[in-house]
Amino acid sequence: MATHPAALLITGHVLDARGRPVAGARLDWVQAPVALPDVALLSGPDGGFTLAVPAAGRYRLRVSSDAHGQAEADLDARPGTVGLDLHLPR
């Protein structure tokens, strides 16, 4: 019987400086322990996002919005789900 690695998910919200959700913010990878495709994800209407990563390890995620600026966050992905709220500077 084949075994499959546990899913590695990163879920969270993009928030502005006042803690309000930011819809349509762009999320992309700056650094990862494995090669990743050069694609971006947009946050949902409630600022929410879910990203799947192929391997455990240290990642750097960038989020940007024309109206709210840009920020980066480091995270350690591990089997299961990692929760992460990203705060933009304005």
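Which residues is valine 63 in contact with, leaving aside its neighbours within four places in sequence? In this predicted model, where local features need pLDDT of at least 70, side-chain atom pairs count only at pLDDT 80 or more, and totals for chains, interfaces and linings use all residues, the list is Val14, Ala25, Arg26, Leu27, Gly69, Gln70, Ala71, Leu86 and Leu88, with contact meaning heavy atoms within 4.5 Å. Residues are numbered from 1 along each chain as its sequence is written, and side-chain values use heavy atoms, with hydrogens and water left out.

Of its 21 residues, Ile10, Val14, Phe49, Leu61, Val63 and Leu86 touch the most other members. At least two core residues come from each of E1, E4, E5 (57-65), E6 and E7, and E6 gives the largest share, four residues.

Strands are DSSP runs of E, at least two residues, numbered from the N terminus, and two strands pair if DSSP finds at least two bridges between them. Two bridges link E2 (residues 26-31) to E3, and leucine 27 has leucine 41 of E3 as its bridge partner.

E1 (residues 8-15) runs parallel to E7 (residues 80-87), joined by eight bridges, with isoleucine 10 opposite valine 82. E1 is also joined to E4 (residues 48-52), in the antiparallel sense, by five bridges; here leucine 9 stands opposite alanine 52.

Terms used
A nonpolar core is a set of buried Ala, Val, Leu, Ile, Met, Phe, Trp, Tyr and Cys residues joined through side-chain atoms within 4.5 Å. Buried means under 20% relative accessible area, exposed over 50%, partly exposed in between (1.4 Å probe, protein chains only).
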